[in-house]
Amino acid sequence: MRTVSVLAYEGMSAFELGIVTEVFGLPRPELDVDWYRLTLCADGPVRVVGGATLHADAGLAALADADTVIVPGVPDVRAEVAPALVAALRAAHARGARLVSICSGAFALAAAGLLDGRRATTHWRYADLLAARHPEVLVDPDVLYVDDGDVLTSAGSAAGIDLCVHLVRADHGATVANAVARRLVVPPHREGGQAQFIETPVPAPADDPVSASMAWALANLATPLTVEALAHHAHLSPRTYLRRFKRASGTSPIRWLIARRVQASLALLESGDESVAEVAAAVGFDSPVTYRHHFTRAMRTSPSAYRRAFRARRI
């Protein structure tokens with residue numbers, strides 16, 4: 001059983017803590033997998049926004065014993081991070097734990113020196129401050145989350161949902177992650193490189209031709225899809241379609257298609273015996289070489305290595 005410890009602190013918002021609890025603490029017998037064991041860690045009773053008081057089962061020392069340590073935030077982004085928390089995070093990392101931050105939690109990881117030389121993100125409001133206080137950190141203010149292997153950071157609170165679902169996908173595969181996302185009623189996958197905020201939310205297909213074209217594309221991933229074809233389906237000129245797609249989604253149609261195709265390939269790699277070439281064709285890539293290139297950029301491993309690693313985890 002994988003263990004997850006999450007930090008609670010005085011004056012925190014219960015929302016970010018609730019994200020972690022919902023994803024990792026809620027029993028999921030319907031998934032038939034060895035689920036996580038969640039531990040709430042705090043330095044004594046803590047009052048959260050709204051007036052409630054939390055009594056944690058464990059203190060900061062328990063952080064060092066978990067497989068995954070999640071820091072939902074810090075009490076004050078301009079204040080020094082508590083030495084006890086810094087020591088606990090360093091001890092956890094030294095033992096091999098996976099360190100995760102949501103929103104301003106990146107300041108705690110940075111204070112512990114765990115982001116030195118790494119690409120990381122935080123809420124866009126705090127990105128400049130994080131870069132100024134920790135110039136050795138490669139701060140990227142324009143993404144939802146950054147997966148740097150054993151250290152992961154996310155942007156604002158809602159991006160924490162995306163990162164937590166991403167962790168489930170890394171541990172249990174796309175099928176289980178999609179089931180968790182459905183229960184949360186959130187998209188099953190938003191790539192970390194997506195912009196933190198977009199001009200307008202993606203509307204329902206019935207209300208907008210661009211959204212309708214995206215739904216059509218998802219149903220036809222295996223077929224050749226071009227901007228011209230998507231624009232034609234939306235009854236828009238290619239130039240107008242590109243502009244409206246960017247405004248609605250925060251990315252380009254081609255980048256969006258590539259991400260969707262990589263995502264669709266995960267379940268095939270996990271559960272099927274098709275060759276990489278067959279998987280590539282099934283999700284619409286024009287060649288295995290193109291598929292491997294985009295898969296490696298998105299997943300930081302090759303399709304074959306992903307398949308081996310996933311199946312090894314299931315044994």
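Reply:
**A loop and what lies beyond**

Leaving out residues up to four places away in sequence, Thr-251 touches Phe-245, Lys-246 and Trp-256, where a contact means heavy atoms within 4.5 Å. The model is a predicted one, in which local features need pLDDT of at least 70 and side-chain atom pairs count only at pLDDT 80 or more, while totals for chains, interfaces and linings use all residues. Residues are numbered from 1 along each chain as its sequence is written, and side-chain values use heavy atoms, with hydrogens and water left out.

Thr-251 sits in the loop between helix 9 (238–249) and helix 10; helices (H or I, at least four residues) and strands (E, at least two) are DSSP runs numbered from the N terminus. With a relative accessibility of 11%, Thr-251 counts as buried, a word that stands for under 20% relative accessible area, as exposed does for over 50% and partly exposed for what lies in between (1.4 Å probe, protein chains only).

Helix 10 (residues 253–271) also holds Arg-261. Arg-261 is buried and yet has no salt bridge, since the nearest side chain of opposite charge, Asp-286, is 8.1 Å away. A salt bridge here is a side-chain nitrogen of Lys or Arg within 4 Å of a carboxyl oxygen of Asp or Glu, and for charge Lys and Arg count as positive and Asp and Glu as negative, with His and the chain ends not counted. The side chain of Arg-261 does reach the backbone oxygen of Val-283, at 3.0 Å. Apart from neighbours within four places in sequence, the contacts of Arg-261 include Leu-221, Thr-223 and Leu-225, together with Gly-284 and Phe-285.

Elsewhere, salt bridges do form, and a search of the whole structure finds 8 of them. One joins the side chains of Arg-183 and Glu-30, at 3.1 Å from N to O. This pair links distant parts of the chain, with Arg-183 in helix 6 and Glu-30 in the loop between helix 1 and strand 2, 153 residues apart. Both ends are partly exposed, Arg-183 with a relative accessible area of 42% and Glu-30 with 49%.

A second salt bridge joins Asp-171 and Arg-98, whose closest N and O atoms are 2.9 Å apart. Here too distant parts of the chain are linked, Asp-171 being in helix 5 and Arg-98 in strand 6 (residues 98–101), 73 residues apart. In this pair Asp-171 counts as buried at 7% relative accessibility, and Arg-98 counts as buried at 16%.

The side chains of Arg-118 and Asp-150 also meet in a salt bridge, at 3.0 Å from N to O. Arg-118 lies in the loop between helix 3 (106–111) and strand 7 (119–120), and Asp-150 in the loop between strand 9 (145–147) and strand 10 (151–154), so the pair ties together parts that are 32 residues apart in sequence. Arg-118 counts as buried at 16% relative accessibility, whereas Asp-150 is partly exposed at 30%. Salt bridges with shared partners, moreover, join Arg-2, Arg-98 and Asp-171 into one network.

How values were computed. A polar contact is a pair of N or O atoms within 3.5 Å; within protein, one must be able to donate a hydrogen and the other to accept it, and residues adjacent in sequence count only if both atoms are side-chain atoms.
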